Amino acid sequence: MPVVSLEGEVADLSLVEVLGRAQELSTLACATPGEGVALIEYLLAICFASQTLPSSPEEWRVWVAEEHPLDDVTEWLTSEPADDWDLFHPERPLGQNSQLAHQLDEKGTGPAQLVLERAGDYCQFFDHHHLEHPEPLPAAAAFRALLAQHVYGLAGRARVSGKSLGATLTNLAAGRLQGRIRVVVQGRTLGDTLRLNLYPAAGGRTGHFNRSWTSKENPRRGFRTKPVGRATSGPADLHSYLGRSVLLRPVPAAPGEPVHVDRVLIGAGELLALDPERDLEDAVLYKKTLNGHRKPLWPSPTRALWREAHALYSAATQETTGLFGRLRHLRFPDDGDGPPCMLWAVGLIANKTVAATWTEGHFPYAPSQGEALCEASRRGSAIADYLARALERSAYAAWKVAYPNPKPADRAAQMARFDARREFWPAAKGPFLLLLDETARGSDVPTVLRDYAGDLRSSAADFLRHRLDALPHDSKGLLARARAEHRFRADLADAKAPAELREER
């Protein structure tokens, strides 16, 4: 695993080294947010499998406050049989399904298929010549990509034959974390992060660890018919479940050289029936469905995750169970710079069966400032939304004058000429995160909100002015500019505008 020390040095450490030195490490240094989450999931699964977990919320608070050692995890992992952790074991390959071996050479492709960001559409009927790229992937990188596939894999059709194992082998279900925001509480060290995200197991049962598809801990589904999802046996099972049947082929390595992977085959994996009370510990639940049921916060292709920070803070101040229910009662020591922890939120945005981009946010959190953070994030988001709408209306005012007889098909492109929201939204993120950081440190919320609103108002006005500079300096251009600027000022002075934008005290 790639890690960052407390001094900022990057290194690659083994699982045993990572867990043994967790208190000396700052964080993981992963290529993508999804890979980082997948590795945290795996480390948590190992902790649960070794029976290293708090027995109650009260004990959890003691573990966090007193930095409970993770020595038991390291000892358990060190004592495990080497064959159980062999990535290329002929019968029980770690995290994989050896039943695919008979068609790996014929149906397998290059290792690009394993990497979510490179695989493209899974559909077996599309042209996938890019997946035949022969460049091998280092085994460590392949294993990290494998873990990401298990939890974030997209639904679709696998490029694998179902003739021998069964037709449903080709039906790829969406991964457990695909389609929702995963929240990881990050502490000041990796050890702190693991303790913050461990939790008491329901009924004291941690369940089995999924070493490979053919290990004996759990009977696996078949592929002749689509089964119903199975219930998890505990958190060790949940965090290590095999969302895909995958098999990796190693390239023979010279002595002393790292092993690489040159062929990959992917098919359907486990189907889980998640228990909302037990298996959605970190979920930020929203009341969004028509029947009133609460749905976990999901990644949006049109709304940046920082604009939903108030949902995380609301959960941290209102939930009584799960991660947020425990977190609100935690008391961190006062020493150290900055907020005691961060809420790291990660989601995968996909266009049907193609991974589009990762969305993530790091939001400071201090339980003593929970209500203040909730208010600051809610008001801060409302201020940014209102300014964006004001910019849109100003663009419309300029467009109405500049294009008096437009064709309907041309409207969007013409409006975009004057719409400053494209520049505004990326620029608003920094001031918003600064607002949260100052609030977490104990600053007065009304004061920091006024400063934040002033910064955003000034930058929005500048972006609008730069957009309007493209207008010609004739009577029509000057009128369009005047109308747009008047519309913007009127919106900010309107009684419906947030008080901070109206500069009310």
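I started with the open sheet: three strands, ordered β7-β12-β13, with antiparallel pairing. Strands here are DSSP runs of E with at least two residues, numbered from the N terminus. I took two strands as paired if DSSP finds at least two bridges between them.

Next I looked up the edges. They are β7 (182-186) and β13 (354-365), each pairing on one side only. The twist averages 20 degrees from one strand to the next. For that angle, axes are lines fitted to C-alpha atoms, and angles run from 0 to 180 degrees between N-to-C directions.

A note on the source: this is a predicted model, where local features need pLDDT of at least 70, side-chain atom pairs count only at pLDDT 80 or more, and totals for chains, interfaces and linings use all residues. Residues are numbered from 1 along each chain as its sequence is written, and side-chain values use heavy atoms, with hydrogens and water left out.

I then checked how β7 joins β12 (residues 341-351). Five bridges link the two, and they run antiparallel. V184 stands opposite W344 in β12.

I moved on to β9 (residues 260-268). Eight of its nine residues are buried, so I logged the strand as mostly covered; buried means under 20% relative accessible area (1.4 Å probe, protein chains only).

Which strands pair with β9? I found β8 (residues 244-251), antiparallel to β9 and joined to it by eight bridges. On that side, S245 stands opposite G267 in β9. I also found β4 (residues 137-138), which pairs with β9 in the antiparallel sense over two bridges. There, P138 has H260 of β9 as its bridge partner.

Methods. Buried means under 20% relative accessible area, exposed over 50%, partly exposed in between (1.4 Å probe, protein chains only). Helices (H or I, at least four residues) and strands (E, at least two) are DSSP runs, numbered from the N terminus.
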